[in-house]
Amino acid sequence: MNQTHSPDAVRLIDVRRVYGSGPNAVAALRGVSADFPARSFTAIMGPSGSGKSTLLQCASGLDRPDGGRVLVGGVDLGRLDERRLTELRRDRIGFVFQSFNLVESLTAAQNVALPVRLSGRRPPAGHVEELLRVVALADRARHRPAELSGGQQQRVAIARALAAGPEVLFADEPTGALDSRTGREVLALLRRLVGERGDTVVMVTHDPLAASHADRVLFLSDGTIVDELRSPTPASVASRLADLEDGDRREAV
Amino acid sequence: MNGVAALVGVAWLTLRSRVSGFAGAIVALALGVGYSGAAVSLLATASALPPGTPAPLRRAVQESGSLLVMLAVIGAFATIFVVAGTFAFTVAQRRRELAVLRAVGATPGQVRGLVMAEAWLAAVMASVIGTVLAFPLTAGVTAALRGQGLLPAGFVSRVSPGALFGAFVPGVVIGVVAAASAARRASQVRPAEALRDAALAEPPIGRGRWGGGLAFLACGAGMLALVPVAPPDGRMPLTMFVSLPLVLGFALLAPAFAAWVGAAVATPLVRLTSATGMLARENVRQAVRRTASTAAPVLVTVGLTGSLLGGTALLGRAIAADAQRSWRSDLVVSGPGAAEVAAVPGVRVAVPVTAGEVEVSANRTERTVAALGVLPEGIGQVMNVSHVAGDLAGLRHRGVAADRRQAEGFGWRLGGPVRLALPGREPAVLRLAAVFDGSPLGGPLLVPQDLLPGPVSVHVAVGPGGDPRAVAAAIERRSDRVRVTPTAETTAAAGKARQEGMRIGAVALTGFAVAYTLISVANTSAMAFGSRRSEFARLLRIGARRAQVLRMVLWESLCVAATGALLGVAVTALAVLGLREVLRGIGSAVPAALPWAETGAVVGACVAVVTLSSLVPAAVALRGRHDASSRR
């Protein structure tokens, strides 16, 4: 946060990830290089099994790549031990899950404050209220997740992801569990974060409509980045994705 | 550690919102603390008896005290088991939540700290409840022991603050220690598990668990092996406790067998039902960990019952058989004038014997040992004393004679000093005049008769070719005030009384343990089935009827209970047959009989508890199905 923002919030350099070993080994990422500039909104798309989720896990420090480097705010994640990696994730990376993953026993405000409190600090006065205002849930601060709708839960999760003032926000199918209207609200919120607050968002999705909210879309196929689309529209994303899936199908035949 | 306050806060909230999950641990721990508070209070009252208290009262208090100590050991065992099981379960069920914590920035140490904080809170809460429970329990236990005649009618015990403190502290410690392995497991949850349903199947049984399980089995085998070399009065508790490590070992290794035992049990159901049996079998087989942890408390309950009751019955029978064999006499004569029977025709030898107990001071401890007051003449003809070393005639001159192994156990040397306290006398130093091979289980000590006063019974051996019945009749004709009984009958009656005493002790121990482990059975099964809300909702959505889902739950719970019961019977067989072999090895062969009736009753109770505590939460979950399907 005091750190000078490097132009790229996240850089991936030739990242490789293999699951399993021996004859059962599956290469999920086969040398992916990508830059995610600060204040940008990037969507990652691809047919199922293309390595989208693995890419997200490696970029966000949830998983460790087998080869290559991941830099978050200029810090090489590969050089950090488990504890330092956790601390970096806590202080500099926000994560939004498909299934919200709020802690059921905590209120919305407590959930938002959790990452900061885990770092042994107290959130500054008004900080949590401010974040809940950003996601338009200031009036739900004392509600528990079970008392909130899906869209509201996801917005609480976004506020939580923003709590520590991260350099980058990763979102894994953030609208996957929502109906299309609340999904659009969440996407508009992410868009606003980038435009108005200058946050950086990297989102994995399979929904062309969702991807069209981003500045650019990276297409992943079979563990490598195969294409990039700037200023996407739902139609252009859908047609590009259909080409990729057709390609997959032709290969399979 | 960073964020301790945050952790304790989260722990408190988790605990509050998951009271049902922790209920089993808290109830078990509270009962344990309350109960040990009561037991220690009772012992404290007993040890502080005023100096003038009559000896029988003192003795009764002591005896019930040692029963209570055994109960406390079993209680601690069961408590650790229940608490550890509950915490392991809550951790397994919260993997996702813990992964979220890891993903949003909790370090492994913090996650471990969170679970430990929950354990502290639960343990302190339970111990406070237990301290309060100690008051009614002290009164209740005292009343129960008075009712059984183990305590005199006038005995009143008071709850002592020291006892409460003495129960509170171990309660908290046991609670926290039992949660330690669950906390370690929690800290190993990977943050990536928070993503979608990437539920990576954990290995059903880790290396540590294999190691622990095998170590406990080895410990059980070691205890069995110790039975023959242990001093005779240490054999009884050893047999009682040999079941604990065996049961624990089996419970730890349960995940290794649970899947196929469960599937085997369920196979007939698959034939008998259309879909529900198949679903139940696959659930039992696929969720190995869940099956094993629900079956484990059943295993412990059945295994403890079977091996405690089976073991003591076996030992009781061995002791009775032993007593039979230690006498060679044909008749026992008692009553005034019994001493003159030597003159009756047909009597080859008549030896007056008194029976009682002496306090032995050896190896810096005091032990109460059965003793016979004898005269050396003819003793070899009425008792089985073989391979005598030294001289039994020394019994006349302040000498004692003992079984060879018993003498070794006390560290006595032939001709060396023997420190004894005789009833109503000052402690005295006698001399070990002779050792002999008595009974395998260590018979009574032989002491000079003038040192052990009491009613005399005369052991009579009939001459070769004589008819004991005719001799008995002849003795009875001389005086109608003597009583004549065949030796076999006398020893059988004494053996029976002893066996009955042991059985009451074992039933008390078992009853207590069962009451305790049934809590754990109910708790785990309620947790396991109550947490499957979304799975049940999914079944309803694809067209299953509520009754079908409930039937599936019923089949599953029956399979799980049967799995636990089968493994429990296996533990019982291992413990009882092992003990039989050990007894055979030391020359005491008795037929083993497994306690089918009691085991069957306990299996029935387990099945009832498992099915009830699975159907009720499942029915509740099904009632709220709209809720379950619209939200995660």
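Leaving out neighbours within four places in sequence, B:Arg396 is in contact with B:Pro376 and B:Pro448, where contact means that the C-beta atoms, placed from the backbone, lie within 7 Å. This is a predicted model, in which local features need pLDDT of at least 70 and side-chain atom pairs count only at pLDDT 80 or more, while totals for chains, interfaces and linings use all residues. Residues are numbered from 1 along each chain as its sequence is written, and chains are lettered from A and ligands numbered from 1 in the order in which they are written.

B:Arg396 sits in the loop between β4 (386–390) and β5 (399–403) of chain B, strands being DSSP runs of E of at least two residues and helices runs of H or I of at least four, numbered from the N terminus. Is B:Arg396 buried or exposed, or something in between? B:Arg396 is partly exposed, because 15 other C-beta atoms lie within 10 Å, whereas buried would require 20 or more and exposed 12 or fewer.

Turning to helices, the axes of α11 (residues 288–326) and α15 (residues 487–530) of chain B come within 8 Å and cross at roughly 175 degrees, with axes fitted to C-alpha atoms over the stretch in contact and angles running from 0 to 180 degrees between N-to-C directions. The helices α11(B) and α15(B) are therefore roughly antiparallel, a term for angles over 145 degrees.

Finally, the chains: 23 residues of chain B are in contact with 27 residues of chain A. On chain B, the elements giving two or more residues to that side are α1 (4–17), α4 (95–103) and α5 (108–147).

Key. Two residues are in contact if their C-beta atoms, placed from the backbone, lie within 7 Å. Angles under 35 degrees count as roughly parallel, over 145 as roughly antiparallel, 65 to 115 as roughly perpendicular and the rest as oblique.
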